[in-house]
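Subject: Structure handover and findings

Hello,

Here is the structure I promised to pass on. Please load it first, then read the notes below it.

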Amino acid sequence: MDDGAFPPDIFTHESAPYRLERPAASAAATPVIFASPHSGRIYPPSMLAAAQLDACDIRRSEDAHVDMLIAAAVDHGHTVLCAQFARAYIDVNREPWELDPAMFADELPAFARARTARVAAGLGAIARIVREGQEIYARKLTFAEAEARVRSVHEPYHAALAALIAETKARFGLAVLVDWHSMPASATGGPAGDPCDVVLGDRFGASCAPWLSRLAESELRAMGYKVARNAPYAGGYTTEHYGRPSRRSHALQIEISRALYLDESSLKLTQRAGRLTRNLGRFFRVLADVDWAAV
């Protein structure tokens, strides 16, 4: 596993926007698709040249190692899709044109002038800040730069995800998307303000069937984790866009506290990561054992 240091080619732009892993032909496939939109570690030179922060500081915005945590899911018959480019470069869990006009030197097209709470917080499709409010860029960007990021990374990622969901529904009659994230330990307060280990986001019941959220909650609680629902994270663009339970397309977001596996200062895995990985393996098996034909 990556120990927190950048591999030599981490800045290479010549890389696929996503990595797709399917179960081996010998494995019993399931209708479950795992996605990790925020664990990408590619920071193109063009981005770093425009930044005032160094790559290690920018990397604080990653859901570091989440792709590693869910890698074993393919052994249980699940499909895994991981974004390769950093969320700070382009956030594939945002609407693609959710841009902050104040970040750009030229005037944005009307369709790209977003006025959302995420943009106001500096966390649009192209983030203005990283954790603790540090400004990423030393200069204003151009719309051409933003459009290139959307076209080369965001659009292919979602084309792949949409195709997977359509393929899975055609094969199984339904698709179950689990969108995996990690959250800073300082941001894990549940509805009552108490720290929690895992937050399940189903957009308050709108993005997946209630039984799926209940199953995830009961299994994770049985492993000893404190689980909250929809607070402080109810789900993002992915769950909102693909979660259509009435059309048998279910989407559930799972946020894991980084305290369970990560040193947030160094971004190195801790000894606790082993327990989490084992428990996630148990959870992957639970999903594989669901009688999906009866759902």
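The largest nonpolar core has 43 residues, and Ile58, Leu99 and Ile136 touch the most other members. Keep in mind that this is a predicted model. Five elements each supply at least two residues of this core: strand S2 (32-36), helix H1 (45-50), strand S3 (79-83), helix H5 (143-172) and strand S4 (175-183). H5 gives the largest share, nine residues. As a general background, nonpolar side chains in soluble globular proteins tend to be buried together.

Now the surroundings of Ile136. Leaving out residues up to four places away in sequence, Ile136 touches Met47, Ala51, Gln52, Leu53, Ile58, Ala88, Ala127, Arg128, Ile129 and Val130.

Leu53 sits in the loop between H1 and helix H2 (55-58). Is Leu53 buried or exposed? Its relative accessible area is 14%, so Leu53 counts as buried. Beyond its neighbours within four places in sequence, Leu53 is in contact with Ile58, Val130, Gln134, Glu135 and Ile136.

Next, H5. This helix has 30 residues. From first C-alpha to last, H5 reaches 41 Å, close to the 44 Å expected at 1.5 Å a residue. Where is H5 kinked? The kink is centred on Val150 and is about 35°. Gly173 follows H5, with a positive phi near 90°.

Glu147 and Arg151 meet through their side chains, at 3.4 Å from N to O. They are four residues apart in H5, so about one helical turn separates them. Glu147 is partly exposed, with a relative accessible area of 29%. Arg151 is partly exposed too, at 41% relative accessibility.

On to the other salt bridges. How many are there in the whole structure? The search finds 21.

- Asp67 and Arg41: the closest N and O atoms are 3.1 Å apart. Asp67 lies in helix H3 (residues 66-69) and Arg41 in the loop between S2 and H1, so the pair ties together parts that are 26 residues apart in sequence. Asp67 is buried, with a relative accessible area of 4%. Arg41 is buried, with a relative accessible area of 13%.
- Glu107 and Arg113: the closest N and O atoms are 3.0 Å apart. Glu107 is exposed, with a relative accessible area of 65%. Arg113 is partly exposed, with 36%.
- The network: salt bridges link Asp63, Arg87, Asp91, Arg94 and Arg258.

Then H6. This helix has 13 residues. H6 reaches 18 Å from its first C-alpha to its last, close to the expected 18 Å. Which residues of H6 are buried? They are Leu212, Ser213, Leu215, Ala216, Glu217 and Leu220. Their cover includes S4, strand S5 (198-201), strand S6 (227-229), strand S7 (249-257) and H8. Just after H6, Gly224 takes a positive phi of about 100°.

Last, the aromatic residues. The structure holds nine aromatic pairs. One of them joins Trp211 and Trp292. Their rings are 5.8 Å apart, centre to centre. The planes make an angle of 50°, and the pair counts as tilted. Trp211 lies in helix H6 (residues 210-222), and Trp292 in the segment after helix H8 (272-289). The pair links distant parts of the chain, 81 residues apart. Trp211 counts as partly exposed because its relative accessibility is 28%. Trp292 counts as buried because its value is 8%. Elsewhere on the aromatic list, Phe34, Trp180, Phe283 and Phe284 form one cluster.

Best regards

How values were computed
Residues numbered from 1 in each chain as written. Predicted model: local features only at pLDDT ≥ 70, side-chain atom pairs only at ≥ 80, totals over all residues. Heavy atoms only, no water. Phe/Tyr/Trp six-rings, centres within 6.5 Å; stacked < 30°, edge-to-face > 60°. Buried < 20%, exposed > 50% of the residue type's maximum accessible area, 1.4 Å probe, protein only. Core = buried A, V, L, I, M, F, W, Y, C linked by side-chain atoms within 4.5 Å. Contact = heavy atoms within 4.5 Å. Expected span 1.5 Å × (residues − 1). Bend = angle between axes of the 7 residues up to and from the residue. Salt bridge = Lys/Arg side-chain N within 4 Å of Asp/Glu carboxyl O.
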